[in-house]
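Look over the model shown here before reading on.

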Amino acid sequence: MDWTTLAGTALGALVGVGSTLLADRARWRRDLADRTRQERRQIYVTVLTKYRLAYEAMHTAAVAAGRGADGTRETAVQEAFRASGCDEARETALICAPQEMSDVLEDVYSTLRDLLEVFAAGDPPLGSPELQERRLRHAEAVWAARAAMRGDLERAG
């Protein structure tokens with residue numbers, strides 16, 4: 001029996017198995033990166049959507065309650081905020097997102113909480129320049145978060 005033929009066959013099998021394992025590993029890493037990117041995208045969309053729903057619900061509650069002196073406005077606005085689900089979405093994002101994204105999302109949440117206080121108190125009034133300035137700060141924080149999210153998703157891909 002010729003050992004060179006046997007050694008050549010064994011070496012060929014080893015190279016074939018090794019290259020298959022390397023290709024499988026590369027595919028697994030790519031699939032993992034794709035899954036991670038999709039999960040983050042879903043988390044980011046959910047948290048921004050919930051923040052937007054909270055804003056809309058609080059604004060609607062503030063307008064509907066008017067200047068109620070008996071606390072109905074404050075109660076309605078706070079209930080609208082709680083019912084929006086933004087706290088749950090925020091917690092999910094803070095657990096799953098990288099730290100720099102958590103910081104950006106906390107900036108948006110902070111401006112949303114500021115609007116909660118304004119809507120609940122009714123001061124400044126809904127049409128005032130002061131409120132418009134706070135709404136603009138919130139909008140700018142949302143835009144900054146979107147840009148950071150796009151960057152994170154591009155890096156994850």
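A residue is called buried under 20% relative accessible area, exposed over 50%, and partly exposed in between, using a 1.4 Å probe and protein chains only. This is a predicted model, in which local features need pLDDT of at least 70, side-chain atom pairs count only at pLDDT 80 or more, and totals for chains, interfaces and linings use all residues. Residues are numbered from 1 along each chain as its sequence is written, and side-chain values use heavy atoms, with hydrogens and water left out.

Arginine 90 has a relative accessible area of 15%, so this residue is buried. Arginine 90 belongs to helix H3, residues 86-96; helices are DSSP runs of H or I with at least four residues, numbered from the N terminus. Leaving aside residues up to four places away in sequence, Arginine 90 is in contact with Val47, Tyr51, Glu106 and Tyr109, where contact means heavy atoms within 4.5 Å.

How many disulfides does the structure hold? There are zero, a disulfide being a pair of cysteine sulfur atoms within 2.5 Å. Cysteine 86 is buried, at 0% relative accessibility, whereas cysteine 96 is partly exposed, at 44%.

Tyr51, a contact of Arginine 90, is also one of the residues that line the largest pocket. Leu48, Trp143 and Arg146 are among the others in that lining. Helix H5 (129-156) and helix H1 (3-65) each give two or more residues to the lining, and H5 gives the most, with six.

Definitions and conventions. On a 1 Å grid over the protein atoms alone, a cavity is a set of points where a 1.4 Å probe fits but cannot get out, and a pocket is an open set with protein on both sides within 12 Å along at least five of seven lines; lining residues have an atom within 4 Å of a point.
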